[in-house]
Amino acid sequence: MVNPQRNAPKKAVHFGAGNIGRGFVACFLHNSGYEVVFVEVNDSTVDKLNAEKSYRVIEVGADGTTESTITNYRAINSRTHEVDLLREIATADVVTCSVGPHILKFIAPAIAKGIAARSTDLTPVAVIACENAIGATDTLAEFIKAPQNTNPDLLADYDRRARFANSAIDRIVPAQDPDAGLDVRLEKFYEWVVESTPFADHAPPDIKGIHWVTNLQPFIERKLYTVNTGHATAAYHGYVRRKSTVYDALQDRDIQEEVRKALLNTADLITEKHGIPADEQQAYVDKIVRRIGNPHLEDAVERVGRAPLRKLSRKERFIGPAAELAENGKDCSALLDAAEMAFRFQKVEGDDESFQLAEIMENKQPEDVVKEVCGLQPQDKIFPAVVDVVKRVQADTLSETP
């Protein structure tokens, strides 16, 4: 397929102008020659992006610091300028997002309207969700194609309007200096893997740095169950032991051992399920432990641990691999220990989910907590073990109550 209008510059619409959006996704798009249209709901963020014509991406590593300057972008407030946004999507080459998995349903209606307005003579727009979740683009596509958002009559040839590709992103972006403005400081290491099969009949988007694969699942599970599992394990154990940052936590020999034991659990799953050699996975684990313990990217344990309800959910970094291991009769004890620390992450200032978790733990029976928070059912082999975890946390919380 050929896009007849592509004498014009390449254009990408990106939902979410946070640190991942500006520092990772938009940086890749900018370096690949795209004009980036940021989509936000915060007036001050939109105004700042439109007022400042450039910002810096600062990459930090053991071998020093490098900087790049991002230009050729603008911003739209989706709440107040929907017509403008639909016009941008209708003529875009790529639509990406980094808004958080729970926000996908809120951005879907606007994307659906923009896709509906596209000419079927154009090359289909590539839609890629850049979220820390398995199958995030599939989830977004389901919301977009839902009857309340898209006329079912359009679905017969919808692939002429849009193609949806899942992705796995990996880059540590710590909390930023409050005076940083639009600048973003992050680690040098990155990985952005995207499935190529949706573009089988035409070239995928020309985005430098993307690793295109035909089978994404090994990459996304290895990343989620190693990087995210390791990072969160360090943060939750560190929080319970009153460490201030993930770096501080990993200087504690006991906490680092807990992290490595959790990643030994997940490695057992990853190597057998995806045929990844054990020595290759161990080298990956060693690299990840070094990355999350990078002293140049210190990150507060409270920030890394935020959103415990999501991180304790069925397909996430603890329960996801632990449930599969349990079904196969394999050890998942360290993952359960990490999950217990996550259940103890309650009433943390600035994190609404930690207060919601506390309310659930205070008012519901252990079995109901596990069903609601973890999405597990009594027939799951891991169910009794997670119930025991919840019982311990509830008992300790009760004993600490004045």
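Student: When helix α8 passes helix α12, is the crossing left-handed or right-handed?
Tutor: This is a predicted model, where local features need pLDDT of at least 70, side-chain atom pairs count only at pLDDT 80 or more, and totals for chains, interfaces and linings use all residues. Residues are numbered from 1 along each chain as its sequence is written, and side-chain values use heavy atoms, without hydrogens and water. A crossing is called left-handed if the near helix is turned anticlockwise from the far one by less than a right angle, and right-handed if clockwise. The way α8 passes α12 is left-handed.

Student: At roughly what angle do the axes of α8 and α12 cross?
Tutor: Helices here are DSSP runs (H or I, at least four residues) numbered from the N terminus, and α8 covers residues 253-274 while α12 covers residues 319-327. Their axes, lines fitted to C-alpha atoms over the stretch in contact, come within 10 Å. The two helices therefore count as roughly perpendicular (65 to 115 degrees), the crossing angle being roughly 70°.

Student: What is the relative accessible area of R291?
Tutor: R291 lies in helix α9, residues 278-292. Leaving aside neighbours within four places in sequence, R291 is in contact with D170, R171, I172, E187, F189 and V227. R291 is buried (under 20% relative accessible area, with a 1.4 Å probe and protein chains only), because its value is 8%.

Technical notes
Axes fitted to C-alpha atoms, helices over the stretch in contact; angles between N-to-C directions. Parallel < 35°, antiparallel > 145°, perpendicular 65-115°, else oblique. Buried < 20%, exposed > 50% of the residue type's maximum accessible area, 1.4 Å probe, protein only. Contact = heavy atoms within 4.5 Å.
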